Every structure is written in C-alpha cells, then in structure tokens.
Amino acid sequence: MLNARTLLIRGMLVGVVAGIAAFVFAYFFGEGPISDAIAFEEAHAAPLPAGEHEHELVSRGVQSTIGLLTASVVYGIALGGLFAITVAIAAGRIGQLSARATAGLVALAGFVGVALVPFLKYPANPPATGNPDTLGQRTGLYFLMLVIGVAAVIGVVVVARSLQPRLGTWNAAIAATVGAAVVVGIAIALLPSINEVPEGFSPILLWRFRLASLGTQAVTWATLGLLFGYLTERSQRPASAATAQPVAA
Amino acid sequence: MATISALPAPGTAPAPIPFRQILPWAVFGVVLAVVLLYFVGAEQGITSVIAGETVHEFVHDGRHLLGFPCH
C-alpha cells in the first residue's frame, strides 16, 4: 500500500538528485552560452553615468557554481514534491499502470506541461535579451502559459479516462491529446508574442542557450520520473515477495 | 481471489491512495514548493520579500536556464 507521506518525502529527496543532475547538465551546456551572452551585454551596455560604477553583488564564479547548484537543487526539491503528490493522486487511477509506469507518465506530463508548453511560446532567454521594463508583463504571460500547459496535460488524462470505455485506451488517449494540442495551439496563437532579442545578438548563441535550457528541464524530469519509479517499485517488492512466497511454494 | 491479493504480479496497478490521506500532505507539499519556486524563480524580480538583489544575483544563472523571465 502506497503512503502519501512516504511518496512526498521520496519525491523531495529524488528532487535533490534531479537538481544535482540538472546542475551538471546546465554547468556543461548552459554556462558557455550564458558567459557569451554576458560578454555581449557588457560590450553593448550603455556607458554608466559619471560617478557611478558597476559593482558585482555576486561574482560570476559564485553564480555559475554554487548559485546554479543551489537554484537547481531547490527547484528540484520543489518539483519533486509536486511530482510526488501528483503520483500519489494518479497511482492506481490511470488504467492498470504500475506505480513505476505511473511515475514515468507523470514525469513526461510534467515536462510537457511545466517546461515544453511554456517554452513553445515564451522560451528561456539568456542574459542581455530582455527589457527590464517589460519584466512584469513577461512574468505574467510566462506563468499564464505554465498554467495552460499544466491544465492541458491534466485535461488529457481526465478526458482520456472518460472516453476510454467508449473508444478504448489508444483511441481515447489520442483523441484527448489532439484536443489538448488544439487548445494549446489556440493559446499560442492568441497570446501576445515577445521578442526583445537585441539587434546583433548571435542566433546561434540564442539557439544554444535555449537548447541547454530545455535540456536542463528534460534532465530534471527524466531523473524525477525514472529514479522515483525505480525506488517506488523497489519499496513495494520486499512486502509483496514476502506475502507471495507461501502461495508460490 | 486469494491469489490476487497475495501475489501481485509485477506491473499491476497499486491500490489508489484515498484522497483524504493525500490531502494534508498535498497542502504541505504545495505550500513548500510554491515558497521554494518563488525564491528561485521570481524573488527580487517584480516583487521582493528581501530587499536588494542578492538573492536574484545568487540564483541568476539557474533562473535563466530554468526558463523563468529574468530582468
């Protein structure tokens, strides 16, 4: 029998590992583009008014190591907790999926809803490519897209479950997914686009940064889904093996 | 049906956890996650709990790479 408390704690601990994995990926693939973008920013920055000088609150060396690690791990813990709660709700309620398969499916849904859908409309931006004056609007739109993404993947599961008795598992899942894709497509078409990438900013650099950002998210969710699923299945095994033996013998 | 309860085949669905058992842990987990995500993703952006920009600057690279809007 699964237990919500155990799952939540496991989710947050797996989140620490996911955060460390995300840090390793982000450090090797993301820090290069960030450094290049900061170099562009400094080369094109308006000269500071007389009497003022730029002072670094946190050095680049700290930002790219301890800072990035802290951000990744805290993010991993938070996502791991939310992920575990979702698994606790979904386990035993999505067809005949095992706990391990449920964890994998929830992680895939989490990646699509939390990372991929917002990314399609408002992709991650490297330093030097945002206008501070529009931060409020960009933050609002980003979180709106996040809510749409999460609602879409939840919608897929709810609708697929209700269609399943009539259409069968495959057709119900396809119909629900197509429906959600249409809704997300309409949202992407209707919401305002934001492009503040300055003239002269390397498109290759932008692409490398965004790919690294999506990769960091993919590593986070893949670690959550696969490691959590493995640990949950392993935790169920000893109990079931013990009760199974008398029957098997 | 004794064999079914005593010998769960690998890959079978677990028994659903009752919602009443999940609820308190869900509330706790969601509140904790929102606070953590706020400090990584949004603190010292459009709103600030702590004055200054030290938190923002410390998690700067992560905030960019995790896709949050950042200055």
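Which residue follows helix 5 of chain A, and is its phi positive or negative? The legends below describe a predicted model.

**View 1. The end of helix 5 of chain A.** Gly168(A) comes after this helix. Its phi is positive, near 85 degrees.

**View 2. Length and bend of helix 5 of chain A.** The helix covers residues 135-167, 33 residues in total. From first C-alpha to last it reaches 45 Å, close to the 48 Å expected at 1.5 Å a residue. At Arg161(A) the helix bends by about 35 degrees. A proline, Pro165(A), follows within four residues.

**View 3. The buried residues of helix 5 of chain A.** Arg138(A), Tyr142(A), Met145(A), Ile148(A) and Gly149(A) are among the buried residues of this helix. Ala152(A), Val153(A), Val156(A) and Ala160(A) are buried too. The buried residues pack against two elements of chain A: helix 4 (99-121) and helix 6 (169-190).

**View 4. The contact of chain B with chain A.** Chain B supplies 42 residues to the contact, and chain A supplies 56 residues. On the chain B side, the elements giving two or more residues are helix 1 (2-6), helix 2 (19-41), helix 3 (54-58) and helix 4 (60-65). Helix 2 of chain B gives the most, with twelve residues. By class, this side of chain B has 26 nonpolar, twelve polar and four charged residues.

View 5. In the model, residues 22-40 of chain B are 100% helix and 0% strand. The end C-alpha atoms of the stretch are 26 Å apart.

Notes: Residues numbered from 1 in each chain as written. Chains lettered and ligands numbered in written order. Predicted model: local features only at pLDDT ≥ 70, side-chain atom pairs only at ≥ 80, totals over all residues. Contact = placed C-beta atoms within 7 Å. Nonpolar A, V, L, I, M, F, W, Y, C, P; charged D, E, K, R; others polar. Expected span 1.5 Å × (residues − 1). Bend = angle between axes of the 7 residues up to and from the residue. Buried ≥ 20, exposed ≤ 12 C-beta atoms within 10 Å, placed from the backbone.
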